[in-house]
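Colleague: I'm new to reading protein models, and I'd like to go through one with you. Could you show me how to look at it feature by feature?

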Amino acid sequence: MGDHHQASRAVDKTKDQAKDQAGRIQEHSRGLVERVKEHAPSSQQLIGIATLALGGLTLAAMGGAMILATIVFLVIGTPIFLLFSPILVPLGILAIVVTGGILSTIAFVASCVAAVTWIYKYAKGRHPVGTDQIEAARHRLMDTATQMTEKAREYGSNVTGYLQQKSQDVAPGA
């Protein structure tokens, strides 16, 4: 009976060791699960990742569709363009020239309307933008004109005096 008792104790000891080992494994797995839960993304992060992935796939699909459409257009459109190019090229040039002319005309008319409006406001004394510069330039021109007039008078009187003296030198009695 001693052997049986020893064997029973050994079995009990092995069971206890197995229970301890199972408890440690269970404890370790709980810690592992908790650590995974701590580092797991939140639901908002998962939604963000899913949205990003869906958006990326959509853009990739659209890019592929655009490339496919371009290739199909080139395959079908090139022969048609070559066939109709004697008509299409002059029409394209005409469209560019007409568009340029229309845009130029619109720009010219807009500039004229702006200039006439500015002149009208200036004449009415409403002081539109740039009036100060115009007034300063006008004063500079007036000052320059006055100086030039004075110099011309001085020069004219000098020339008249010179001519009178020369005429007296040539004809002293005249």
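Modeller: Let's take the helices, a loop and a salt bridge in turn. This is a predicted model, where local features need pLDDT of at least 70, side-chain atom pairs count only at pLDDT 80 or more, and totals for chains, interfaces and linings use all residues. Residues are numbered from 1 along each chain as its sequence is written, and side-chain values use heavy atoms, with hydrogens and water left out.

Colleague: Which residues does UniProt list for "transmembrane region"?

Modeller: The unreviewed UniProt entry lists 46-75 and 87-120. Its positions follow the numbering used here, feature names are shortened, and annotations may be inferred rather than shown by experiment. In the model, residues 46-75 are 100% helix and 0% strand, with end C-alpha atoms 43 Å apart. Residues 87-120 are also 100% helix and 0% strand, and there the end C-alpha atoms lie 49 Å apart. Helices (H or I, at least four residues) and strands (E, at least two) are DSSP runs, numbered from the N terminus.

Colleague: Where is the kink in H2?

Modeller: A bend is the angle between axes fitted to the seven residues ending at a residue and the seven starting there. In H2, a kink of about 80 degrees sits at Ser 85, shortly before the proline Pro 86.

Colleague: What follows H2?

Modeller: Gly 125 does, with a positive phi near 80 degrees. His 127, in the loop between H2 and H3, has a positive phi too, near 55 degrees, though His 127 is not a glycine.

Colleague: Is His 127 buried or exposed?

Modeller: Buried means under 20% relative accessible area, exposed over 50%, and partly exposed in between (1.4 Å probe, protein chains only). His 127 has 60%, so it is exposed. Thr 131, in helix H3 (residues 131-170), is buried at 3%. Leaving aside neighbours within four places in sequence, Thr 131 is in contact (heavy atoms within 4.5 Å) with Trp 118 and Tyr 122.

Colleague: How many salt bridges are there?

Modeller: The count is 1, taking a salt bridge as a side-chain nitrogen of Lys or Arg within 4 Å of a carboxyl oxygen of Asp or Glu. Glu 135 and Arg 138 form a salt bridge at 2.9 Å, N to O.

Colleague: How many residues apart are Glu 135 and Arg 138 in H3?

Modeller: They are 3 residues apart, so about one helical turn separates them. Glu 135 is partly exposed at 23%, and Arg 138 is partly exposed at 40%.
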